[in-house]
Amino acid sequence: MAIQNSSDALARLAAVMESRKPRNGGDSAASYVARLLAKGPDSFLKKIGEEATEVVMAAKDVDHGGDKAKLVGEVADLWFHCMVALAHYELTPADVIAELERREGTSGIEEKALRKAVHREQEPE
């Protein structure tokens with residue numbers, strides 16, 4: 001049941017983000033999401049990089065007795081900004097969940113090897 005609720009929460013957040021797109025009337029003066037989307041990919045992609053670094057730093061802090069809640073907060077920030085990117089590219093959390101479900105039951109080692117093989121096949125000769 002918790003998985004469904006989590007999925008619902010992501011879907012609700014995605015719907016809010018969709019409503020905040022400038023073409024849907026999002027006001028960049030009143031909405032952080034609208035502001036990021038109006039500024040374009042460089043804006044939210046930079047934030048994703050910053051948030052990813054903050055996740056790493058918070059995780060390192062937890063390794064040394066730091067607050068796990070700080071790590072959760074930083075991961076939430078990272079997910080949020082990744083969702084902004086998904087919204088920009090007309091994707092949803094459901095697309096990511098479907099990909100994770102597709103990978104379910106496949107070893108991470110196998111998955112990585114498969115991606116490398118596909119990448120080699122796609123390289124021009």
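**Exercise 1.** Work out which parts of the chain the salt bridge between the side chains of E90 and R23 connects.

*Solution.* Step 1: the side chains of E90 and R23 form a salt bridge with an N to O distance of 2.7 Å; the term requires a side-chain nitrogen of Lys or Arg within 4 Å of a carboxyl oxygen of Asp or Glu. The model is predicted: local features need pLDDT of at least 70, side-chain atom pairs count only at pLDDT 80 or more, and totals for chains, interfaces and linings use all residues. Residues are numbered from 1 along each chain as its sequence is written, and side-chain values use heavy atoms, with hydrogens and water left out.

Step 2: E90 sits in the loop between α4 (68-88) and α5 (93-103), and R23 in the loop between α1 (2-19) and α2 (32-39), so the bridge ties together parts that are 67 residues apart in sequence. Helices here are DSSP runs of H or I with at least four residues, numbered from the N terminus.

Step 3: E90 is partly exposed at 47% relative accessible area, while R23 is exposed at 58%. The classes are buried under 20%, exposed over 50% and partly exposed in between (1.4 Å probe, protein chains only).

**Exercise 2.** Describe the salt bridges that E99 makes with R102 and with R103.

*Solution.* Step 1: the N to O distance is 2.6 Å for E99 and R102, and 2.8 Å for E99 and R103.

Step 2: E99 and R102 are three residues apart in helix α5, about one turn. E99 and R103 are four residues apart in α5, again about one helical turn.

Step 3: E99 is partly exposed at 28% relative accessibility, R102 is partly exposed at 49%, and R103 is partly exposed at 30%.

**Exercise 3.** State how many salt bridges a search of the whole structure finds, and name the residues that shared partners join into one network.

*Solution.* Step 1: the search of the whole structure gives nine salt bridges.

Step 2: through salt bridges with shared partners, E18, K21, R23 and E90 form one network.

**Exercise 4.** Determine how the buried residues of α2 are arranged, then inspect the start of α2 and the position just after α2.

*Solution.* Step 1: V33, A34, L36 and L37 are buried in α2.

Step 2: viewed down the axis of α2, its buried residues fall within an arc of 165°, so they line one face of the helix. The arc is taken over the directions from the helix axis to the C-beta atoms.

Step 3: at the start of α2, a side-chain oxygen of S31 comes to within 3.4 Å of the backbone nitrogen of V33.

Step 4: just after α2, G40 has a positive phi of about 95°.

Definitions and conventions: Helices (H or I, at least four residues) and strands (E, at least two) are DSSP runs, numbered from the N terminus. A polar contact is a pair of N or O atoms within 3.5 Å; within protein, one must be able to donate a hydrogen and the other to accept it, and residues adjacent in sequence count only if both atoms are side-chain atoms.
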